Amino acid sequence: MGVVMLRRRPGSPTLEEVAALAGVGRGTVSRVINNAAGVKDTTRRAVQRAIAELGYVPNLAARTLAGRRADAVALVMTEPDWRQFGEPFFSEIVRSVGDALTETEVQLLLTLVRTDAERQRLVEYARGGRVDGVMLMSVHATDPLPDMLADVGLPTVLLGRRSGDESVTYVDADNVGGARAAVSHLLGTGRRAIATITGPPDMYVAQCRLRGYREAMERAGVEARESWTVQGDFSADSGHRAMAELIERAPEIDGVFAASDTMAVGALGALRAAGRRVPDDVAVIGFDDFPLAQHTDPQLTTVRQPLEEIGHTMVRLLLEEMEEPSAAWRHVIHRTELVLRGSA
């Protein structure tokens, strides 16, 4: 295994300074950092207080050299709404990441981080040597967690990205191209009053899918009216509410691109409740190609993003970074594919 020593930031505190503040020896601090036995609780708490007060960052590379790897990685969901964890997207990613780790000796830990306090606890947990790397999903635009983890030298891979100039290593799908293909298909079948149900505006994935919608409409010379865009949150309930709003304020709608399959399923329910036939009156396309897309009535036309490959790529990049930290962040974007079924 290659070894890369992490360069210490100028002025960062040393192990000796932590020991002096806690009133213990250097070896005691090392035992606390590595969760070794034989340290009294009062001493352990004193060392932990000194670490927190000084902002000490353990040298992860040195601990690796000592053979003290945790052999565990964390898959962290940074979505503030607990309910989102039940959406198919997250279960599919957990499954694909778990499958990719099956042949390794690495344990997968799942955790949910929603607040500043939980972010700080995760960073402290991670830099305490309990995990060797972190994968983050559902990261919103202003989330500082990726940078906090990078600052302590922990290998980190994002599912998606916070913006177009993301610096941390990430794996993503071609969200703009996939959305553009979906809307171009609707336009190609003669639809002209095409609406879109977007994801949260502070998520780059939602911004990209909205951009793909607008690009397709612009290329076809069709005006994308402001009243044809309604915001959702990737859940089925939000898709139902958004579609009901569209039916009321824009009854001319003859096509809908929903930025996720779950929102598309909600839209189908609202259309059914309003007596609109799919695809005769309104054609519907989703994004993801979850298994549920084949169990709707009619079956859902959707954009397939290869979640299994995305999960496997995240694990591969993280394991490579754990073995030998790279000098550069890596960015991988997977192709998408339009899957035609009965709803469009």
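**Reading helices**

Mentor: Helix H9 is followed by Gly221, whose phi is positive, near 70 degrees. Helices (H or I, at least four residues) are DSSP runs, numbered from the N terminus, as are strands (E, at least two). This is a predicted model: local features need pLDDT of at least 70, side-chain atom pairs count only at pLDDT 80 or more, and totals for chains, interfaces and linings use all residues. Residues are numbered from 1 along each chain as its sequence is written, and side-chain values use heavy atoms, with hydrogens and water left out.

Trainee: Which residues in H9 are buried?

Mentor: An α-helix has 3.6 residues a turn, so residues three or four places apart point the same way. In H9 (residues 204-219), the buried ones (under 20% relative accessible area, 1.4 Å probe, protein chains only) include Val205, Cys208, Arg209 and Gly212. The buried residues of H9 pack against helix H8 (175-188) and strands S6 (194-198), S7 (229-231), S8 (255-258) and S9 (283-288), with contact meaning heavy atoms within 4.5 Å.

Trainee: How are H10 and H11 placed relative to each other?

Mentor: Two packed helices are described by the angle between their axes and the distance between the axes. The axes (lines fitted to C-alpha atoms over the stretch in contact, angles from 0 to 180 degrees between N-to-C directions) of H10 (residues 236-249) and H11 (residues 261-273) come within 6 Å and cross at roughly 45 degrees. H10 and H11 are therefore oblique to each other; angles under 35 degrees count as roughly parallel, over 145 as roughly antiparallel, 65 to 115 as roughly perpendicular and the rest as oblique.

Trainee: Which residues of H10 meet H11?

Mentor: Among them are Ala236, His240 and Ile247.

Technical notes. The expected span of a helix is 1.5 Å times one less than its number of residues. Buried means under 20% relative accessible area, exposed over 50%, partly exposed in between (1.4 Å probe, protein chains only).
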